[in-house]
Amino acid sequence: MAITVSEREGVVIFRLSGRIISPGIEEVSKTVEETLAMLTSPPRLVFDFKGVTGMDSSGLGALMKVYSEIHPHGGKIAVINVNKHVKNLIVMARLITVFKSFESEDDAVVALLRHP
């Protein structure tokens with residue numbers, strides 16, 4: 001499992017790859033926390049699942065933790081390139097309205113910038 005971070009127009013993009021499962025989820029959580037600590041405005045985050053081959057409930061829990069930390073401060077999360085397995089996990093957990101899904105990085109960035 002790996003995570004890389006980039007930024008585009010003030011939107012932080014996390015590219016995930018491999019299996020997002022326990023116990024390796026700590027790497028993702030730590031990277032996200034360090035990135036959030038550097039932000040001064042309400043976070044606009046995109047999680048790119050293109051390279052993700054699997055995710056379990058601990059991966060979903062890590063995303064929920066990020067959401068619960070940024071949402072009260074006006075933060076937003078979008079997901080892109082979600083495969084069927086991950087989408088089913090999000091739907092079963094009834095989080096489909098929490099994590100807005102977009103077809104492309106461009107669509108996600110535009111949407112997050114348009115809705116402050």
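On a 1 Å grid over the protein atoms alone, a pocket is an open set of points where a 1.4 Å probe fits, with protein on both sides within 12 Å along at least five of seven lines, and its lining residues have an atom within 4 Å of a point. This is a predicted model, in which local features need pLDDT of at least 70 and side-chain atom pairs count only at pLDDT 80 or more, while totals for chains, interfaces and linings use all residues. Residues are numbered from 1 along each chain as its sequence is written, and side-chain values use heavy atoms, without hydrogens and water.

The largest pocket is lined by 12 residues, and those nearest its centre are Lys 76, Ile 77, Val 98, Lys 100 and Leu 112. Two or more lining residues come from each of strand E4 (76-80), strand E5 (100-102) and helix H4 (105-114), where helices (H or I, at least four residues) and strands (E, at least two) are DSSP runs numbered from the N terminus.

Turning to the strands, E1 (residues 2-8) and E2 (residues 11-20) run antiparallel and are joined by seven bridges, two strands being paired if DSSP finds at least two bridges between them. Within this pair, Val 5 stands opposite Phe 14 of E2, and in the hairpin, with two residues between the strands, Glu 9 has a positive phi near 55°.

E2 also pairs with strand E3 (residues 44-55), in the parallel sense and over eight bridges, with Gly 54 in E3 as the bridge partner of Arg 19.
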